[in-house]
Each structure stands twice: as C-alpha cells, then as structure tokens.
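Please read the following report alongside the sequence and the model. It goes through contacts, cores, sheets, aromatic rings and backbone geometry in turn.

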Amino acid sequence: MLSKRIIAVAKGRALSVQYMRGLGAVTAHTRRAQFHSSRLLQAETVKVPQMAESITEGTLKSWSKQVGDSVEADEEVATIETDKIDVSVNAPQSGKIVELLASEEDTVTVGQDLFVLEPGEAGASSSSPPPPKEEESKPQATSESAPPKEAEKPSTSEKQPAPAPQEKKPEPKKESKKEYKKDSKKESAAPPPAPVAGARTETRVKMNRMRLRIAERLKESQNAAASLTTFNEIDMSSLMSMRKKYKDEIQKEHDVKLGFMSAFAKACALALKEIPSANASIEGDEIVYRDYVDLSVAVATPKGLVTPVVRNIETMNFLQIEKEIAFLGKKARDGKLTLEDMAGGTFTISNGGVFGSLYGTPIINLPQAAVLGMHAIKEKPVVVDGQIVIRPIMVVALTYDHRLLDGREAVTFLVKVRDYVEDPRKMLLAP
C-alpha cells in the first residue's frame, strides 16, 4: 500500500510539472502575440496627399524607398506625376517601410492608401545586421562537429576497399563534360548576326501626364483664340554693348549673369502699361484689365514646356528680374516647381533663340492675350543713315488674340518693345 501511495504521489508531481510547463508555453505565446499585435497597431498607413484644388489623381512615377528601408521624417518615399507638376510624398515620421500598396505607373487618387510605415528610429534597421553573425557562427559550429563524422568515414572505407577502382571510371566522363562545356562556350561566344540592312523598328512610349496636358492646352489655344502674328526686327548693338561692358562687374558683385531676358521683360512691362489690352484676358462676356504684370517665362524641361511666373515684374530692375528668372529656371529643370510658381500669368515671353531659331510663331498661353517670341541674333546688312552696315539683328514675333487686340495696338506694342531694347536708356525715362 505504501509503495502504491508513493507511485501515485510521483505521478501527481509529474502531471503538475507538465501542467506548469504547458502554462509557461501558453503565456510565452500570448506575450509574443501581444508584442506583434502592438507593433501592428503602431503601423501607420500613409495616403496620397492633397495636391491642388484642380488635381484629384496622378501617376505613381517612382518609389524612392522599398519594403524594409528605413526613412527619416519628411524624407521622400514616392513621386507622383500630375498634369502640371511632380508631387513628392514624404514620410510623416521616421520609421521603416512595411508594405507598398501601389505599383509604379499606377493611377492613384487623393486619399488613397499608398504605403504602410512602422514608426521607430530610422537607424533601427542598422541594428538588424548582427543576427547574420550568429548564423555565420552556426556553420562554424557544424564544421567543428564535422571532423568526427569524417573520422568515421575512413573506418567504413577500410572495410570496403572496392570503391577505389570505381572512382577512376568517372574521370573521362568529367573531361568529356568539360570539353562539351568549352565547345558550348565557344559557340555562345560567337558574334551575334549583324542587323539586316534597312531594318524598320518602332517604339511606343506612353505620354506622360504633363505632355498630355500641354497638348490639350495648345490645341485649346488654337481652337479658342483668333490668333494672328506680327513681326519686327531689333538692332541689338546697344544692348549687347551695355551687356559686354557691365556683365563681369555684375557677375562679380551680385553673382548674377546679365542676359537679354531682363531687358526684354522690362521693355514688355513698360509697353503693357501703355497698351493695357495686351495685358488683359477674356472671362465669359467680360474683359479683365490688370494694373500689374505677371510675366510667364517659357522654360524647356525634359518632360515638356513649363511657364513659371515672375510676379509684379513692373516693379523690378534688371538684376532682380535676372535673379528671379534664374531661380525659377533652375527649379523647373530640377522638377521642383510648385503650382504656385506656375499659377496666373498675364503675358508670356518665349526665347527660342537659345536653340538657334530664326523665325517662329509662338502660341498664346490662354487666357492671356499675347505672347512675345524671341529668336537668335544674326549679323545682317542694314541701311543706317544712307549707308550699308553690318548689325546684329534679332527678329521678334508677337502672337496676339485678335478678339482683344486690333492690329494697330499689336503693332504699336511691338514697336515700343523694339524702341526700348534698341536704346535701353529710354527705359529710365519711361513714365
């Protein structure tokens, strides 16, 4: 009876130990589950931000970060292309990218889920590399334990001496495989066949949103405006002489390159005051006249032509105009223009001369009334005081909306611009 009681007590203790072990495993599992669930609860889903009042969707152009990458607060994660500008999506806080919810070239709308961010320190991912060291240590441990097994193999080979002659047989086969591989490499190394003469290939590339928008606006301008173009020639001798005399001094003192755009911009601002209809626009059945001049400057970028705006240019001098145009031009080429940089504009200047254009008819940037086209400077023989002389001449073109401007006003405007540029001192005397 005593022995039976001892056995029963021992069994009870064993059951209690198993129960406690099971309870510990359950608690550990629940702790892990709580840990993971707490991390999931911390994850934040970042949505497509508001881009502008008139923009509701765009194309996801590229991901700057991938799953597993760490990001700092306000660091760029993705770029969305719209029909006007490229919008960068930044991380709201530092952490790690857990999931990407859209692919490149997908159309995304404002408020759509874009990616999942797990908050944390940006450098946290750098603490993850140590585990591979542990993994590297494991193969070392196995390699250390491997010698005993190798030691066991000789004992088995001693018992079976027959395999020795069998090892000699596969040698010629291996050599034949090597020879076959060498022959195949020689065949693969053979030069590819030359392309057939006169081959006709085609490549189709999807138009980006900005190019599509530009196409729509240009066609809209041709259809809506009663466009007409008038030309004139400008003797650039005086302006070129002034630029040559002062450009080095201005570059040294103000770190600004003195170009021709500032002179033409200032001349247009003064001429627009005298011909206000060239600075107006049509809205419905009304004409809107403006007392200020917001100049749109056409800038060529890899994605298309953009027109950032220099505001209140009538209040600026040459240096201020050059600084602002250079600043906006750099932003345009870097793809960092905002909607505010391109909104508005009452008159446009397009300088095709930088690409060597001699003549051209620019297209009106609606709802504006006119656009001035500058061209390349070429030396030409002209008559001055009854004598033929060689002068640097630029052909300028003014395309205007005949619904707003009559021919008299358009030609008068272009002549005033010509007079101001041919003698820049007149700009100081303008009212």
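## Contacts and nonpolar cores

Contact here means heavy atoms within 4.5 Å. The model is a predicted one, in which local features need pLDDT of at least 70 and side-chain atom pairs count only at pLDDT 80 or more, whereas totals for chains, interfaces and linings use all residues. Residues are numbered from 1 along each chain as its sequence is written, and side-chain values use heavy atoms, with hydrogens and water left out.

Leaving aside its neighbours within four places in sequence, Phe264 is in contact with Ile234, Met236, Ile349, Leu372, Met374, Met394, Val396, Val417 and Val421. Phe264 is also, together with Ile313, Phe347, Ile349 and Phe413, among the residues with the most contacts inside the largest nonpolar core, which has 45 residues. A nonpolar core is a set of buried Ala, Val, Leu, Ile, Met, Phe, Trp, Tyr and Cys residues joined through side-chain atoms within 4.5 Å; buried means under 20% relative accessible area, exposed means over 50%, and partly exposed lies in between, with a 1.4 Å probe and protein chains only.

The elements that give two or more residues to this core are α7 (261-274), β12 (295-297), α8 (318-333), β16 (347-351), β17 (370-374), β19 (387-401) and α10 (407-422), where helices (H or I, at least four residues) and strands (E, at least two) are DSSP runs numbered from the N terminus. The largest share, ten residues, comes from α7. Apart from this core lies another, of 28 residues, among them Val77, Ile85, Ile97 and Val299.

Four strands form an open antiparallel sheet in the order β5-β4-β2-β7, and two strands count as paired if DSSP finds at least two bridges between them. Because β5 (86-90) and β7 (107-109) stand at the edges, each with a single partner strand, one side of each is left without a neighbour in the sheet. Within this sheet, β2 (residues 57-63) and β4 (residues 76-81) pair in the antiparallel sense over four bridges, with Ser62 standing opposite Thr79 in β4.

Four strands also form an open antiparallel sheet in the order β1-β8-β6-β3, whose edge strands, β1 (44-47) and β3 (70-71), each pair on one side only. The antiparallel pairing of β3 with β6 (residues 95-100) runs over two bridges, and Val71 has Gly95 in β6 as its bridge partner.

## Aromatic rings

Two aromatic pairs are found in a search of the whole structure, the criterion being that rings of Phe, Tyr and Trp (its six-membered ring) have centres within 6.5 Å, with planes under 30 degrees apart counted as stacked, over 60 as edge-to-face and the rest as tilted. The rings of Trp63 and Phe115 have centres 6.1 Å apart and planes at 85 degrees, so this pair is edge-to-face. The pair links distant parts of the chain, since Trp63 belongs to β2 and Phe115 to β8 (residues 113-119), 52 residues apart. Both Trp63 and Phe115 are buried.

## Backbone geometry

Most residues other than glycine have a negative phi, and most peptide bonds are trans. Asp74, in the loop between β3 and β4, has a positive phi of about 70 degrees although it is not a glycine, and Asp74 is exposed, with a relative accessible area of 59%. Asp255, in the loop between α6 (237-254) and α7, has a positive phi of about 55 degrees and is exposed at 62% relative accessible area.

A cis peptide bond, with omega about 5 degrees, joins Leu366 and Pro367, and Pro367 lies in the loop between β16 and β17.
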